Amino acid sequence: MLRIENCLTFRKYLVLAGVTVFAAAGDSMLAHGMKQTGNISLHHLRSLFVAVLNPWVAVGILLLLAFFASYMSALSWADLTYVLPATSLGYVLLALVARFALHEQVSPLRWMGIALISGGVGFVAGGPALTHQQEESKPQVPSDHNPRENSISPPSRESRQKDGASLDVSRDHVRAATGDER
Amino acid sequence: MKHLYTWGGILAVVGFSVLGDILMSRAMKQVGDLHALGRRFGLGTVLCRIFSNSIFFVAVGAMALAFFSLLFSLSWGDVSLVAPAAASLTFIGNAFAAKIFLHEHVDRRRWIAALLVAGGVALLAG
């Protein structure tokens, strides 16, 4: 089986953004299209097929298929308890679209809801995306350790100083071996 | 009696949603990183691996049942109760189920995130 990397690359952030945006855009377009086509009853299921021919509904279905593909891709390299909160910004996106594009009134309670969701996303986004494979493959790494620090961050100042010190030592060795006294 | 039907419907939505998410997560972990697989073997192999996984189809079935349960719940109860209650309880249920069945390390950070998002969704949809 392929090793699953814990670091979040730019592509993985794009996949998470795709889950968020495709779900919100797909739901909005589907809702807009279904309002145009009118009510559908169980006795007239043919009207359901007519509804699919509505361009808004068709684009909405395509966007929801894109959401499902992104969601599956995200679940292939991240925990479920990471993906769900991290992609819940779609609720916030929908509320902002309703406020600024559709000019709907957003009550203070809803703004509080937006703040809570944003806080939740901030909380989970600071942690590792995958935990159980990490514990199985690298038991020496503590559970609260952020693997991104190890994988994609540039070397720290201390480590650079340490590297520089070891480089100076190796230069001294070369000078000693070649007799260079400069 | 109507309240009983409504809450029974909400619990069905939550149960099938959590089942679908857990099984989909399990199936995708069995398949492997889709991007890495696609780059190495091509899209056809990725699709073959996904569609040859039986858990994937059970997950899709559970998600479909969750969708139909939501439709029935909406016919019995108000949308202002059904939508936020189902979405919030699904977040909490997923955190418990992922810890128990997927053995994910749900630390304090993730519990707080799940609770904040569940509360936020309840306020937003309420």
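A:V92 is found in helix α5 of chain A. The model described here is predicted. With 20 C-beta neighbours inside 10 Å, A:V92 counts as buried, because a residue is buried if 20 or more other C-beta atoms lie within 10 Å of its own. Apart from neighbours within four places in sequence, A:V92 is in contact with A:I114, A:I117 and A:S118. For A:V92 and A:I114, the C-alpha to C-alpha distance is 5.5 Å, at a separation of 22 residues in sequence.

The packing of α5(A) on α6(A) comes next. The axes of α5(A) and α6(A) come within 9 Å and cross at roughly 145°; the crossing is left-handed. On the α5(A) side the contact is made by A:L89, A:Y91, A:V92 and A:A95, and on the α6(A) side by A:R110, A:I114, A:I117, A:S118 and A:V121. By class, these residues divide into 7 nonpolar, 1 polar and 1 charged.

Chain A also meets chain B: 35 residues of chain A are in contact with 35 residues of chain B. On the side of chain A that touches chain B, at least two residues each come from α3 (55-75), α4 (80-86), α5 (89-100), α6 (108-125) and α7 (132-137). The largest share, 11 residues, is supplied by α6(A).

The table lists the residue classes for the two sets.

Methods:
Residues are numbered from 1 along each chain as its sequence is written. Chains are lettered from A and ligands numbered from 1 in the order in which they are written. This is a predicted model: local features need pLDDT of at least 70, side-chain atom pairs count only at pLDDT 80 or more; totals for chains, interfaces and linings use all residues. Two residues are in contact if their C-beta atoms, placed from the backbone, lie within 7 Å. Helices (H or I, at least four residues) and strands (E, at least two) are DSSP runs, numbered from the N terminus. Axes are lines fitted to C-alpha atoms, for helices over the stretch in contact, and angles run from 0 to 180 degrees between N-to-C directions. A crossing is left-handed if the near helix is turned anticlockwise from the far one by less than a right angle, and right-handed if clockwise. Ala, Val, Leu, Ile, Met, Phe, Trp, Tyr, Cys and Pro count as nonpolar, Asp, Glu, Lys and Arg as charged, and the others, Gly among them, as polar. A residue is buried if 20 or more other C-beta atoms lie within 10 Å of its own, exposed if 12 or fewer, and partly exposed in between; C-beta atoms are placed from the backbone.
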